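Thanks for coming. I will go through one structure this morning, starting with the sheet and ending with the aromatic rings. Please have the sequence and the model open.

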Amino acid sequence: MTTSLRRLPTVVAAPAPSLGQVAAALASRRSAFPSYEGTRASATSQPKSQNIMWSDSLLSTEERLKMTGCKGATLWLTGLSGSGKSTVSSVLEKKLIERGVLAYRLDGDNVRMGLNKDMGFSKADREENIRRIAEVSKLFTDCGIVTLTSFISPYREDRDRAREIFEKDGLLFMEVHVDVPLDVAEKRDPKGLYKKARSGALKNFTGIDDPYEAPLNPELVLKTHDFTVDECADQAVEALRKCGVAIPQDPI
């Protein structure tokens, strides 16, 4: 059973290694695992720059988990605009942190205001938007954070590529379909986007003039029109527990 960040064992600090000792340790790891070098780079695309080399950590994902007690995971919430992705992930993030589980929410609109501010909503931009956030989420997951991504991510192929980024390194990826009928999402219309799309003022809007390809085999389906937001968050907590993420029953 893993522990939360608030229950970490006391660690006695060892003398700081020299640069030579660190270099020797990295060389030893590469020698012990010759097929490891380069595998951490994305399997779905090749970097534009050629004169680069992956810099190995002195800790494997398993060693980090053993030391910190924090098992990382990514819950990839996908669904129509207005389905409740951001609302559920906000409540879920709070529940996890209240229970001592390190969690962070990556919301689609928020990410487009920073990291992906150069991305629009064409098919090519949507693909690159998802690729970038998958790579960021993978790093979060590798260091032991439960990462909650809230993106429409309408194309099945893009979500499958995101999954591949995690699974090739043995990291936990859970596709969560926040599933509501289009008419329910349109009635909610929290941003007024459906109204704009119906009037023709907004183009390439998912569900109206751009397709949404629903997941075929998601790890979890949340129906926010049948359950409360709190109940949906609790369903996600239980799904994480079943996958080995230690989450206390009550807030700390």
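The angles I quote run from 0 to 180 degrees between N-to-C directions. Also keep in mind that this is a predicted model.

With that, take helix α6, residues 156–167. α6 lies across β1 and β4, and its direction is at about 155 degrees to β4. Helix α9 lies across β1, β3, β4 and β5, running at about 175 degrees to β5.

Strands of a sheet pair through backbone hydrogen bonds, either parallel or antiparallel. Here there are five strands in an open sheet, ordered β2-β3-β1-β4-β5, with parallel pairing. β2, residues 103–107, and β5 are the edge strands, each pairing on one side only. On average, neighbouring strands are turned by 20 degrees against each other, direction ignored.

Going through the pairings, β1 is joined to β3 by five bridges, and Ala73 has Val146 in β3 as its bridge partner. β1 is also joined to β4 by five bridges; there, Trp76 stands opposite Glu175. Between β4 and β5 there are three bridges, with Val176 opposite Leu220.

How many residues of β4 are buried? Six of its six. Phe173, Glu175 and His177 are on one side, Met174, Val176 and Val178 are on the other, and both faces are covered. Note that the buried list includes Glu175 and His177.

Next, the packing. The largest nonpolar core has 24 residues, and among those with the most contacts inside it are Leu75, Leu92, Val146 and Leu240. Elements giving two or more residues to this core include β1, α3, β3 and β4. Which element gives the most? That is α9, with six residues. A second, separate core has 12 residues, including Ala134, Phe166, Leu171 and Phe173.

Lys95 sits in helix α3. Is Lys95 buried or exposed? Its relative accessible area is 11%, and the cut-off for buried is under 20%, so Lys95 counts as buried. What does its side chain meet? There is a polar contact with the side chain of Asp230 at 3.1 Å, and another of 3.0 Å with the side chain of Asp234. Beyond residues up to four places away in sequence, Lys95 touches Asp230, Ala233 and Asp234.

Last, the aromatics. A pair of rings is described by the distance of the centres and the angle of the planes. The whole structure has five aromatic pairs. One of them is Tyr104 with Phe140, edge-to-face, at 6.1 Å centre to centre and 65 degrees between the planes. Tyr104 is in strand β2 and Phe140 in helix α5, so this pair ties together parts 36 residues apart in sequence. Both are partly exposed: Tyr104 has a relative accessible area of 44%, and Phe140 is at 24%.

Phe166 and Phe173 have ring centres 5.1 Å apart and planes at 50 degrees, so that pair is tilted. Both Phe166 and Phe173 are buried. Together with Trp76 and Phe151, they form one aromatic cluster.

That is the tour. I will take questions now.

How values were computed
Residues are numbered from 1 along each chain as its sequence is written. This is a predicted model: local features need pLDDT of at least 70, side-chain atom pairs count only at pLDDT 80 or more; totals for chains, interfaces and linings use all residues. Side-chain values use heavy atoms; hydrogens and water are left out. A nonpolar core is a set of buried Ala, Val, Leu, Ile, Met, Phe, Trp, Tyr and Cys residues joined through side-chain atoms within 4.5 Å. Buried means under 20% relative accessible area, exposed over 50%, partly exposed in between (1.4 Å probe, protein chains only). Helices (H or I, at least four residues) and strands (E, at least two) are DSSP runs, numbered from the N terminus. Two strands pair if DSSP finds at least two bridges between them. Contact means heavy atoms within 4.5 Å. A polar contact is a pair of N or O atoms within 3.5 Å; within protein, one must be able to donate a hydrogen and the other to accept it, and residues adjacent in sequence count only if both atoms are side-chain atoms. Rings of Phe, Tyr and Trp (its six-membered ring) pair if their centres lie within 6.5 Å; planes under 30 degrees apart count as stacked, over 60 as edge-to-face and the rest as tilted.
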